[in-house]
Amino acid sequence: MNRDSLITLKKISKRYGSREVLSNISLSLRQGECIMIRGSNGSGKSTLLKIVAGLIPFTAGERQLAHAKLVIGYAPDHLARLRMTSTEYLTHMGRLSRMPKEQLQTRIEQLHAFFNLEQSKSLKMTHFSKGMLQKVNLMQATLHDPELLVLDEPLSGLDKESVQHLLSSLQQIKAAGTSILAAVHDTLLASELGGTTFWIKQGRLENSNMQAAALHSSQLSSVAAAQKSVEKGAVFELLLELSEQQLQHLTHLFPEVVWSKERHGLMTAIVLQKDYYSLMSEMVQQKIEMISLQRKEVAK
Ligand SMILES: Nc1ncnc2c1ncn2[C@@H]1O[C@H](COP(=O)(O)OP(=O)(O)OP(=O)(O)O)[C@@H](O)[C@H]1O
């Protein structure tokens, strides 16, 4: 195991019955690092996160921790609207893990202040909005001040204001040195927290930064090399001006488009031929401004 790594997965595979969901996955996460995991529904993101968090067993491979007492916080993709207050819920969670009473009380106070939920700490969670529930979900994950935070789609289904609150909380958590591993459906969290994005495709892990770097090269040969594994034909490089919401929308509709941030808030999209016409028509509908377009032929 790399000396700087908090956690390393080596050739991990996971089967549910006869179905292999994860195949030969290797991944290493260092202190302070952020890693985003993307993939279509059912591709195995949650399964991978639960393995990292130590919540489920795996079929083959190795999971190595930097030290035996590594604290990992895990936030599932949603928290139920429980018939208790956030204080009662967090107290219950803290007691389950035998946190000393006074330390637990202080920490719960701190977390309500940090997530701006002080006003609601005596309110039953049945009255909470999705954004408030997601904050409590993050509060339970950070209760023990984890070195690694594992988050399953932390921003999904939230309104713009809740997203902004959570993003700034996560930025502060990251700035304090916590490593973050998150399953995400779009580029928003990655663009705010930075780090590396991986895709799970057919049970295997692919590094999308490597894919993007290869596709970005002005050398036609490297475009061809990156493309070869996907399909033959042309690729299109678009420079676009679009809002975060429009970016999320397009990412959701076209998961194979590779995005990267440029200066002055512009984005480059590398688009495969098969997605090109539907992406263009979606852009017209969304009134997205295109600054430039380049077609790059791939030699067959
Ligand atoms: N406990 C389980 N028993 C059997 N199959 C399971 C179990 N948990 C998950 N699966 C299956 O494993 C596959 C991967 O599921 P997983 O929840 O990890 O995907 P995901 O990428 O997180 O999906 P989504 O984006 O929809 O949340 C799916 O086909 C799912 O049905």
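Just after α2, R98 takes a positive phi of about 55°. Helices (H or I, at least four residues) and strands (E, at least two) are DSSP runs, numbered from the N terminus. This is a predicted model: local features need pLDDT of at least 70, side-chain atom pairs count only at pLDDT 80 or more, and totals for chains, interfaces and linings use all residues. Residues are numbered from 1 along each chain as its sequence is written.

Which residues of helix α2 are buried? In this helix, residues 86-96, they are S86, Y89, L90 and G94. They sit on the same side of α2, because they cover an arc of only 130° around the axis. That arc is taken from the directions from the helix axis to the C-beta atoms. An α-helix has 3.6 residues a turn, so residues three or four places apart point the same way. The buried residues of α2 pack against α3 (101-114) and α4 (130-142). H92, R95 and L96 are exposed, on the face turned away from the buried side. The terms rest on counts of other C-beta atoms within 10 Å of a residue's own: 20 or more is buried, 12 or fewer is exposed, and in between is partly exposed, with C-beta atoms placed from the backbone.

## Whole chain and domains

The chain has 10 helices and 13 strands. Of its 300 residues, 33% count as buried. Contacts in the chain with a separation of 6 or more come to 73% from residues 24 or more positions apart. Two residues are in contact if their C-beta atoms, placed from the backbone, lie within 7 Å.

The chain splits into domain 1 (5-204) and domain 2 (217-297). These bounds come from an automatic or database domain assignment. The two centres, taken over C-alpha atoms, are 30 Å apart. Six residues of domain 1 are in contact with eight residues of domain 2. On the domain 1 side, the touching residues are one nonpolar, four polar and one charged. Ala, Val, Leu, Ile, Met, Phe, Trp, Tyr, Cys and Pro count as nonpolar, Asp, Glu, Lys and Arg as charged, and the others, Gly among them, as polar.

## Ligand shell and G44

Which residues are around the ligand? They are Y16, V21, G39, N41, G42, S43, G44, K45, S46 and T47. By class, the shell has two nonpolar, seven polar and one charged residues. Helix α1 (residues 45-52) gives the largest share, three residues.

G44 lies in the loop between β3 (34-38) and α1. Is G44 buried or exposed? G44 counts as buried because it has 25 C-beta neighbours inside 10 Å. Leaving out residues up to four places away in sequence, G44 touches V21, L22, G39, I200 and G203. A183 is 139 residues from G44 along the chain, yet their C-alpha atoms are separated by 9.8 Å.

## Strand pairing

β1 (residues 5-16) and β2 (residues 19-30) pair in the antiparallel sense over eight bridges. Strands pair if DSSP finds at least two bridges between them. Y16 stands opposite R19 in β2. The two strands form a hairpin with two residues between them, and G17 in the turn has a positive phi of about 65°. β1 also pairs with β4 (residues 60-65), antiparallel over five bridges. Here L9 stands opposite R63 in β4.

β5 (residues 72-75) pairs with β6 (residues 148-152) in the parallel sense over four bridges. A75 stands opposite L151 in β6. In a regular strand the side chains alternate between the two faces of the sheet. Both faces of β5 are covered: I72 and Y74 on one side and G73 and A75 on the other are all buried.

## Loop residues

P76 is in the loop between β5 and α2. P76 is partly exposed, because 18 other C-beta atoms lie within 10 Å. E62 is 14 residues from P76 along the chain, and their C-alpha atoms are separated by 23 Å.

Two other loop residues are N116 and E153. N116 lies between α3 and α4. Its phi is near 60°, positive in a residue other than glycine. With 13 other C-beta atoms within 10 Å, N116 is partly exposed. E153 lies between β6 and α5 (160-175). Phi of E153 is near 45°, a positive value in a residue other than glycine. E153 has 21 C-beta neighbours inside 10 Å, so E153 counts as buried.

Note on methods:
Near = placed C-beta within 6 Å.
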